[in-house]
Amino acid sequence: MDFEKEMSLRRQHVNERIRSYLPEEEGFQKTLLGAVNYSMLAGGKRLRPLMIECTYQMYGGQGRLAEPFMAAMEMIHTHSLVHDDLPALDNDEYRRGMKTTHIMYGESMAILAGDALLNLGYETAASAFTMASEQEKGGPELCMRIAKAMQILAAKTGINGMLGGQSCDVECEGMVPDKDMLDYIYIHKTGALIEASLMIGAVLAGAPDEDVKKLEMIGRDVGVAFQIRDDVLDRISTVSELGKPVGSDEKNHKSTYVSMHGLEESGQEVERLSCRALDAFDSLGRRHEFLRELLQRLISRKY
Ligand code: GRG
């Protein structure tokens, strides 16, 4: 498999699907819709929708049922980035190589655009019910899977998921959190949506519960490794490579895995967690060559 070529084709497909769920910029609220589309189309790796599509395929999912969830996940992820960049939080001027939404549209509109994306995410995911009801066979069974996927999406985003992690991250600014707190922040702030992505594709395709549980644990390890790598890149990368400011953690007086353990130990931890995730992935009864390689490459990602 030519990974780069496959990645580019898959990302193109994801982008087309996401675009199809974005609003037309018309009506009295068109400035808000412009801000929503600006933040969604500013780029981004699209890792989470790619993960949903891969686990859907891995468990034999057919048709387009995963697509509303792929778009929804990217909307919710983008909502978190728009809000994370606000002056009250990280106060960043660049994201995905472009000016942040509040710099382009002003702070009030960026807050609303973030809220709009969170809501549009659920609205979009719920459109999967319409798809299922149009299917002659298996409608009720598919509706159960969609309901379960929506519960995962909401729970992993909310107070016991990403939002819970982010609230502790904000509260710990200027302090050195203990290990349990730092673990909690990384598992929830970053891991939760990655866990949800791997789980949702599998649930929609009808994977057994024990595999969904394993995918949750894989997502957790990948998510924590992803965040530590993010901290490493904040130290060693450049604005042009990352498309966002470097040194942001120091500027915001944030203790990270890197500030607490140093670059070398952080690299080792990323590798340890990633290897554990790959071992668990290999223990699933299913294979997906592209997803395996994607998870492996996140260890040494450059942006
Ligand atoms: C849930 C209501 C509600 C609010 C959200 C602001 C916030 C609360 C959460 C922020 C969570 C956050 C920004 C975590 C960082 C995760 C992270 C490393 C994001 C970058 O992900 P990439 O590299 O980004 O996949 P791209 O731009 O490629 O999509």
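The legends below describe close-up views of a predicted model.

**View 1. The largest nonpolar core of the predicted model.** This core has 63 residues. Phe69, Ile200, Leu204, Ile218 and Leu291 are the members that touch the most others. Ten of the core residues come from helix α9 (residues 179-205), which gives the most to this core.

**View 2. Surroundings of Ile218, a member of the largest nonpolar core.** Neighbours within four places in sequence are left aside here. Beyond them, Ile218 is in contact with Leu198, Ala277, Ala280, Phe281, Leu284 and Leu295.

**View 3. A second, separate core.** This core consists of 13 residues, among them Ile185, Ile187, Ala225 and Leu273.

**View 4. The shell around the ligand.** There are 19 residues around the ligand. By class, the shell holds eight polar, six charged and five nonpolar residues. Helices α4 (67-84), α8 (162-171), α9 and α10 (209-236) each supply at least two residues of the shell. The largest share comes from α4, with five residues.

View 5. A ligand oxygen atom lies 2.6 Å from a polar side-chain atom of Lys45. For Arg48, a polar side-chain atom is 2.8 Å from an oxygen atom of the ligand. An N or O atom in the side chain of Arg96 is also placed 2.8 Å from an oxygen atom of the ligand. Taken alone, the ligand exposes 750 Å², and the protein buries 90% of that.

Key. Residues are numbered from 1 along each chain as its sequence is written. This is a predicted model: local features need pLDDT of at least 70, side-chain atom pairs count only at pLDDT 80 or more; totals for chains, interfaces and linings use all residues. Side-chain values use heavy atoms; hydrogens and water are left out. A nonpolar core is a set of buried Ala, Val, Leu, Ile, Met, Phe, Trp, Tyr and Cys residues joined through side-chain atoms within 4.5 Å. Buried means under 20% relative accessible area, exposed over 50%, partly exposed in between (1.4 Å probe, protein chains only). Helices (H or I, at least four residues) and strands (E, at least two) are DSSP runs, numbered from the N terminus. Contact means heavy atoms within 4.5 Å. A residue is near a molecule or strand if one of its heavy atoms lies within 4 Å of it. A polar contact is a pair of N or O atoms within 3.5 Å; within protein, one must be able to donate a hydrogen and the other to accept it, and residues adjacent in sequence count only if both atoms are side-chain atoms. Accessible areas come from the Shrake-Rupley method with a 1.4 Å probe; for residues, only the protein chains shown count as cover. Ala, Val, Leu, Ile, Met, Phe, Trp, Tyr, Cys and Pro count as nonpolar, Asp, Glu, Lys and Arg as charged, and the others, Gly among them, as polar.
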